[in-house]
Amino acid sequence: MKIVDLHIYGYGQLENMALTLADGVQLFYGENEAGKSTIMAFIHAMLFGFPTKQQSELRYEPKHHAKYGGRIRIFHEKFGFTVIERVKGKAAGDVTVTLEDGTTGGEELLKQLLSNIDKTLFQSIFSFNLHGLQHINQMKKEEIGKFLFSTGALGTDKLSFAEAEIKKELESRFKPGGKVPALNAKLNELNLLGQELKKAASKNLEYENLVQSKESILKEISILKNSISAFQEEKSKLYEWKKIEPLVREELTVVKELGEAGAVEFPPNGIERLERLKEILKPYQARHLSTEERVKTLEAEVKSFQPDEALLQQELQILSLLERLPLYEQLKHERKMLEDKLLELDEALSAVREKLHLPLSEDEITAINTNIFIKEQAEDIQKKQQRLHEAKQELDERFQDEKESLEEIEEDLQLAKSKILPERERKILEEKVMSGTDVTGAEAN
């Protein structure tokens with residue numbers, strides 16, 4: 001494969017630049033930052049894709065040019081003249097490969113052209129640079145020999161670098177006389193385990209002594225368990241005796257009392273007669289308890305019937321409020337009529353606004369300039385609306401006044417109702433007042 005020419009659309013500082021490569025050796029020379037490394041990076045990008053943002057390589061995106069990428073034309077021994085074009089698209093760019101016979105393809109066809117060579121191998125063999133020679137003056141004699149051998153084999157110092165990495169990895173795993181490497185640490189652990197094993201072997205005799213001691217202790221435990229069983233049986237007997245102790249004591253007391261009483265004749269059917277008497281006594285006991293509860297209830301009611309002197313003093317005001325109750329009902333009815341009338345006026349006002357067929361406010365309607373007839377009609381409607389608005393305000397004020405008056409009457413009525421005695425208590429008090437009985441003295445008696 002041979003590169004014939006380059007066409008850079010935009011790559012770093014190079015924009016719309018075309019280069020043709022003749023047969024033989026091609027030499028690019030120039031000052032620093034002239035674009036030599038940019039051209040090499042451009043060839044890498046056309047063949048293997050733009051570097052991604054996660055990679056450390058420069059992407060060379062143009063700053064003053066919108067188009068990013070370019071194309072190269074190559075001559076391939078198998079496919080002939082071929083054009084490879086790559087522009088901005090996905091991460092590595094969108095590539096288009098056009099063969100001499102007109103066949104087009106993408107990354108897969110490009111890999112066939114490159115015989116599946118990756119970017120690293122390409123740079124090692126076909127794109128050698130002086131990066132590996134930057135620190136050659138710091139190398140030792142044997143290191144320079146390894147570097148030259150690696151450069152002759154691969155074109156770079158990667159072979160010597162790989163050898164150094166392998167040596168570093170081996171030293172990280174094992175180092176004679178070391179302690180940090182993994183194998184050294186494992187050997188130290190193995191030595192410690194050997195010492196612990198020797199200590200464990202020396203403790204075998206102690207273990208045998210402990211086993212014998214365990215057997216003797218188990219025999220003692222067996223003997224103690226048998227003793228515990230005997231004690232448990234004796235404890236059960238003592239527990240049963242303790243339960244019947246009150247009965248035995250009662251029996252002894254009864255026997256003693258019978259001895260002191262001497263011979264006593266028990267009446268025939270005495271137990272049955274006693275049970276019948278108990279059954280007869282139960283209703284009387286229940287009635288007695290019920291009577292006591294009734295007495296307590298009546299006493300509590302008598303205490304609650306104490307008249308409220310302050311309420312009796314306000315009897316005239318309460319009667320006056322009761323007389324004004326029909327007036328209260330009438331005011332409520334008038335308020336309902338006023339609310340209905342107000343609703344009718346609102347509906348009429350809405351109907352007048354709908355007749356205008358314009359979604360305008362009152363100020364906007366009055367500001368419209370039209371002919372004399374329409375203007376007069378609008379003025380009449382406006383005057384009517386003003387009258388309705390004034391009537392509505394007057395009704396609102398009357399409604400508010402009536403509402404406040406009704407609220408005051410309702411509050412007075414609720415207060416009066418809360419102070420009125422129940423009908424039954426009121427009649428009792430009236431009867432006592434009519435009979436001239438001292439209410440306080442009667443309750444005390």
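I number residues from 1 along each chain as its sequence is written. In this predicted model, local features need pLDDT of at least 70, side-chain atom pairs count only at pLDDT 80 or more, totals for chains, interfaces and linings use all residues, and side-chain values use heavy atoms, without hydrogens and water.

I started with strand β1, residues 2–11. Strands (E, at least two residues) are DSSP runs, as are helices (H or I, at least four), numbered from the N terminus. Eight of the ten β1 residues are buried (under 20% relative accessible area, 1.4 Å probe, protein chains only; exposed is over 50%, partly exposed in between). I then looked up pairing, which requires at least two DSSP bridges between two strands. β1 runs antiparallel to β3 (residues 69–76), with seven bridges. Lys2 faces Phe75 there. β2 (residues 14–20) also pairs antiparallel with β1, over six bridges. Leu6 has Leu19 as its partner. Two residues separate β1 and β2 in their hairpin, where Gly12 has a positive phi near 65°.

**β5.** Which residues of β5 lie on its covered face? I found Val95 and Val97 there, with Asp94, Thr96 and Thr98 on the uncovered one. Side chains alternate between the two sheet faces in a regular strand. β4 (residues 80–87) pairs antiparallel with β5 over five bridges, and Glu85 stands opposite Thr96. In the turn of the β4–β5 hairpin, Gly93 has a positive phi of about 95°.

**Trp241.** I checked Trp241 in helix α7, residues 204–261. Trp241 counts as exposed because its relative accessibility is 55%.
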